[in-house]
Amino acid sequence: MSDSQPFINTVYGCLDRVALEKLRDSYDTTTLLRVVDELAELLGDVIGEEGWRERMLRLHGMAHTVINDAGFAGAADETLPELASEITGQMREAIARLETWIQRIEPLEELAARD
């Protein structure tokens, strides 16, 4: 295959030659490994002992009690608004992290061979 071809065949598909050369000069693949580590950290926050799931269940119990006049859900160390604010803040931080990860991965999409 000639270097004048707009694409190059690789073991992972046909890629845009110009985009590949650009990434070879500028893209640090270890950024993907950092995403893996950060993802593991985020998942720990989500499913850990005091993770989002447990806090969301506690928030539900509190909201169910005051909004639906349900039975008392048990004592809490924080108020309903404080817990809601804590959870939404953590979710906003997670969204920001996800957006950063997307930005790290998007350059690889540019490798798609163009007709």
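The following paragraphs lead through a predicted model of a protein, from its overall form to individual residues. Local features are reported where pLDDT is at least 70, side-chain atom pairs count only at pLDDT 80 or more, and totals for chains, interfaces and linings use all residues. Numbering runs from 1 along each chain as its sequence is written, and side-chain values use heavy atoms, with hydrogens and water left out.

The protein contains 4 helices and 2 strands, where helices (H or I, at least four residues) and strands (E, at least two) are DSSP runs numbered from the N terminus. Their order along the sequence is β-β-α-α-α-α. The radius of gyration is 23 Å, well over the 13 Å that the globule rule gives for 115 residues, so the protein is more spread out than a compact globule. That radius is taken over C-alpha atoms, and the globule rule is 2.2 Å times the number of residues to the power 0.38. Along the principal axes, the C-alpha trace spans about 75 × 25 × 20 Å.

Burial and surface can be considered next. Of the 115 residues, 21% count as buried; buried means under 20% relative accessible area, exposed over 50%, and partly exposed in between (1.4 Å probe, protein chains only). The protein exposes about 8,500 Å², of which carbon and sulfur atoms supply 57%. These areas come from the Shrake-Rupley method with a 1.4 Å probe, and for residues only the protein chains shown count as cover. Among contacts (heavy atoms within 4.5 Å) between residues at least 6 apart in sequence, 54% join residues at least 24 apart.

The largest nonpolar core has 7 residues: Ile8, Leu15, Ala19, Leu20, Leu23, Tyr27 and Leu111. Helix H1 (residues 17-26) supplies the largest share of this core, 3 residues. Such a core is a set of buried Ala, Val, Leu, Ile, Met, Phe, Trp, Tyr and Cys residues joined through side-chain atoms within 4.5 Å. Apart from this core lies another, of 5 residues, including Val35, Trp52, Ala94 and Trp101.

Leucine 15, a member of the largest core, is in contact with Pro6, Phe7, Ile8, Thr10, Leu111 and Ala113, leaving aside neighbours within four places in sequence. Aspartate 16 belongs to strand S2 (residues 13-16) and is buried, with a relative accessible area of 12%. With neighbours within four places again set aside, aspartate 16 is in contact with Pro6, Phe7, Glu110, Leu111, Ala112, Ala113 and Arg114.

Other residues lie further along the chain. Isoleucine 47, in helix H2 (residues 30-47), is exposed, with a relative accessible area of 67%. Isoleucine 47 and proline 6 are 41 residues apart in sequence and 46 Å apart in space, C-alpha to C-alpha. Alanine 63 lies in helix H3 (residues 52-67) and counts as partly exposed at 21% relative accessibility. Beyond its neighbours within four places in sequence, alanine 63 is in contact with Asn68 and Leu80. From alanine 63 to phenylalanine 7 the separation is 56 residues in sequence and 57 Å in space, C-alpha to C-alpha.

Aspartate 69 is placed in the loop between H3 and helix H4 (80-109) and is exposed at 69% relative accessibility. Its phi is near 50°, a positive value in a residue other than glycine. Most residues other than glycine have a negative phi.
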